[in-house]
Amino acid sequence: MPKVGMEPVRRQQLIDATLNSVAELGLHATTINSISKRAGLSSGIISHYFGGKQGLIEATVRYLLTQLKINLLAKTTADDRLSPRERLNLIVESNFAPVQQQHDSTRTWLSFWAQSLHDPALFRLQQVNSRRLRSNLQVSLNTLMPRDKAKQAAELAAGMIDGLWLRCVLSRGEADDFHHAEQLSKSYIDTLIAQFGEQ
């Protein structure tokens, strides 16, 4: 019988083990056994807490999305005097944060998003992530340009951020490469503000 209060600890152990297994083996080769061995727990506990491998995979993606959200909120709510440009820069920085550059994280993100093409639940989570980025960008851009232009600028900026991050990951970029991509994204947003902003 599990100890009272251990469920959150066990759940996190299994999520961490899933991240490790997917990073090392890929999503398809990750099994209940590969996860349970890394977690040091019985395979039956995965079914108990998550209903099986699929439930655990979805919980792991939600965990990654939550960490991204927490990182952004920590940056943007620490100072309520941030200008829209400062907030936009922090959004970019959170998407290129060190945790988003780590080998395990990048390989895991790629595995999940590739699988989302074939998995409706993961596709929905991927869409949540995309909408959140565009929405965060648009909130600040709305104060710098007309709303219709802000929507277009947010879509363009989100595409640039995602594309540059993906290019860094696929080229196995180092920290300097991610930093350069971050700076390019910020410069691109400045260009969009100059292009679409109210004169």
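Reader: How many residues line the largest pocket, and which lie nearest its centre?
Author: A pocket is an open set of points on a 1 Å grid over the protein atoms alone, where a 1.4 Å probe fits, with protein on both sides within 12 Å along at least five of seven lines; lining residues have an atom within 4 Å of a point. The largest pocket has 20 of them. Nearest its centre lie N95, W113, N129, D162 and W165.

Reader: What kind of model is this, and at what pLDDT do side-chain atom pairs count?
Author: Residues are numbered from 1 along each chain as its sequence is written, and side-chain values use heavy atoms, leaving out hydrogens and water. The model is predicted: totals for chains, interfaces and linings use all residues, local features need pLDDT of at least 70, and side-chain atom pairs count only at pLDDT 80 or more.

Reader: Which helix gives the largest share of the lining of the largest pocket?
Author: Helices are DSSP runs (H or I, at least four residues), numbered from the N terminus. Helix 4, helix 5, helix 7 (103-115), helix 8 (120-141) and helix 9 (147-170) each give two or more residues. The largest share is six residues, and it comes from helix 8.

Reader: How many residues of that lining are charged?
Author: Asp, Glu, Lys and Arg count as charged; Ala, Val, Leu, Ile, Met, Phe, Trp, Tyr, Cys and Pro as nonpolar; the others, Gly among them, as polar. Ten lining residues are nonpolar and seven are polar. The charged ones number three.

Reader: Which helix gives the most to the lining of the second largest pocket?
Author: Twelve residues line this pocket, with H103, T106, R107, V169 and R172 nearest its centre. Helix 7, helix 9 and helix 10 (175-196) give two or more residues each. With four residues, the most comes from helix 7.

Reader: How do helix 5 and helix 8 run relative to each other?
Author: Their axes (lines fitted to C-alpha atoms over the stretch in contact) come within 8 Å. They cross at roughly 165°, on a scale from 0 to 180 degrees between N-to-C directions. Angles over 145 degrees count as roughly antiparallel. Therefore helix 5 and helix 8 are roughly antiparallel.

Reader: At what angle do helix 4 and helix 5 pack?
Author: Helix 4 spans residues 53-76 and helix 5 spans residues 84-95. Their axes are 9 Å apart. The angle is about 150°.

How values were computed. Parallel < 35°, antiparallel > 145°, perpendicular 65-115°, else oblique.
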